[in-house]
Amino acid sequence: MNYNGKKVAFTTLGCKLNFSETSTIARSFQEMGFNRTGFRDKADVYVINTCSVTDTADKKSRAIIRQAVRQNPAAFIVVVGCYAQLKPDEVASIEGVDLVLGANDKFNITKYLDGLEKHKGGEVHNCSFTRINKFDHAYSYGDRTRSFLKVQDGCNYFCSYCTIPMARGKSRNPSIASLVEEATRAGEQGIREIILTGVNIGDFGQSTGDTFFDLVQALDEVESVDRIRISSIEPNLLNDDIIEFVARSKRIAPHFHIPLQAGTNEVLELMGRKYNRELFAHRVEKIKELLPHAFIGVDVIAGMNGESDELFEESYRFIESLDISQLHVFPYSERSKTSALKIEGVVPMSERKRRVERLKELSDKKLKDFYRKHDGQNHRVLFEKSRSKTRITGWTENYIKVETDFHDDLVNQIREVKLSGINPTGNMAVLVD
């Protein structure tokens, strides 16, 4: 069917992997003749790519779906993503929803459009997570100089608090050759920096017998791209070989994001994590030994069942001792069908929030300290396309956000600049021309 002139709008909640997948889904609509428009505009089709990592993510997903329905009650409403996979009937029951697609079908939306005729109720196409076995290639591409490249999907870990394996299925990946080809093509289209994304990227190779180390070595040879960043990688999978390679690589940025989740071995065991805090500390020390200027971001969950006041204080002191750059802090969120629900010692929500605030304050201090260490140093900054005609922003190789006066010749360019100071928000270095 010809959809020329029809408008489609997309919105994405959650992780970078979702953003890469939304971009790929959007291209399939454009190939069918749709014109893409902003999500706040009136459209004929709205596609909502949802997240379900926490109860708050579920609530945000429902609110966004209802927003789309209000904007155009006659529009065809499609919901995909983790919330759609985990709770399809709940999503389908939202008034105005026409189509709910699980993990195996979300890249096939255009097959289910049915001339955009509204359904009496949400039509669900879903399957058990044990049958999620497809790997669909995805990468983001638009008006930015950076692209999120999907290299892996699914997870085999089943941490006690997490539903992602049930939303994404088992760990799987494509061939290294296909990813090198995609990265090369992205560079040829003007992308300067690629971020490797997935659910558990360090587990790369489950489908092909390769390793993540093999992948980064191959991608380091892609000459059309200036930089490659590694997104979140489990500490037990970030081995010394990878760290040593990054230290001598041509394109892999000195930037690591390593989920810790808890700073005591007792809580790590309750969570079902596959490392202890001593291994985590070793990873941080190894990075700083070889790459003292590297940015290290860390995920932490506050208030997990079984985390007593004493264990939290011990965790806080451990995190405080680490030479890291920033924390991404989340309160523990109860998720149905997870084994963590059976753990005694429920932390009141008010206490979870208090712990989150303490850790966020610690994060602010660590980020400012990291920025100050680079005051007066020269760094290579990739400036992004800017909507502002007065200021332009960019990122250094070690993930310092930089702002300066707008100049046309800076857009999509990498320039060596001298950094000086921190602006009043405390999270951005200011470039000295």
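1. In strand E11, Val300 is the bridge partner of Gln261. Strand E10 (residues 255–261) pairs with E11 in the parallel sense over six bridges; strands pair if DSSP finds at least two bridges between them. Helices (H or I, at least four residues) and strands (E, at least two) are DSSP runs numbered from the N terminus.

2. This is a predicted model, in which local features need pLDDT of at least 70 and side-chain atom pairs count only at pLDDT 80 or more, while totals for chains, interfaces and linings use all residues. Residues are numbered from 1 along each chain as its sequence is written, and side-chain values use heavy atoms, with hydrogens and water left out.

3. E11 also pairs with strand E12 (residues 326–331), in the parallel sense and over six bridges. Here Ala302 stands opposite Pro331 of E12. Between E11 and E12 the chain passes through helix H11 (residues 309–321), and this β-α-β crossover is right-handed (with the strands pointing away from the viewer, the path from the first strand over the helix to the second runs clockwise).

4. Why is strand E11 largely enclosed by the rest of the structure? Eight of the eight residues of E11 (residues 295–302) are buried, so the strand is largely enclosed; buried means under 20% relative accessible area with a 1.4 Å probe, protein chains only. Phe295, Gly297, Asp299 and Ile301 point one way, and Ile296, Val298, Val300 and Ala302 the other way.

5. Helix H7 (residues 212–219) and helix H8 (residues 240–248) pack at about 10°, with axes 10 Å apart. H7 and H8 are therefore roughly parallel (angles under 35 degrees). The contact (heavy atoms within 4.5 Å) involves residues including Phe213 of H7 and Phe245 of H8.

Note on methods
Buried means under 20% relative accessible area, exposed over 50%, partly exposed in between (1.4 Å probe, protein chains only). Axes are lines fitted to C-alpha atoms, for helices over the stretch in contact, and angles run from 0 to 180 degrees between N-to-C directions. Angles under 35 degrees count as roughly parallel, over 145 as roughly antiparallel, 65 to 115 as roughly perpendicular and the rest as oblique.
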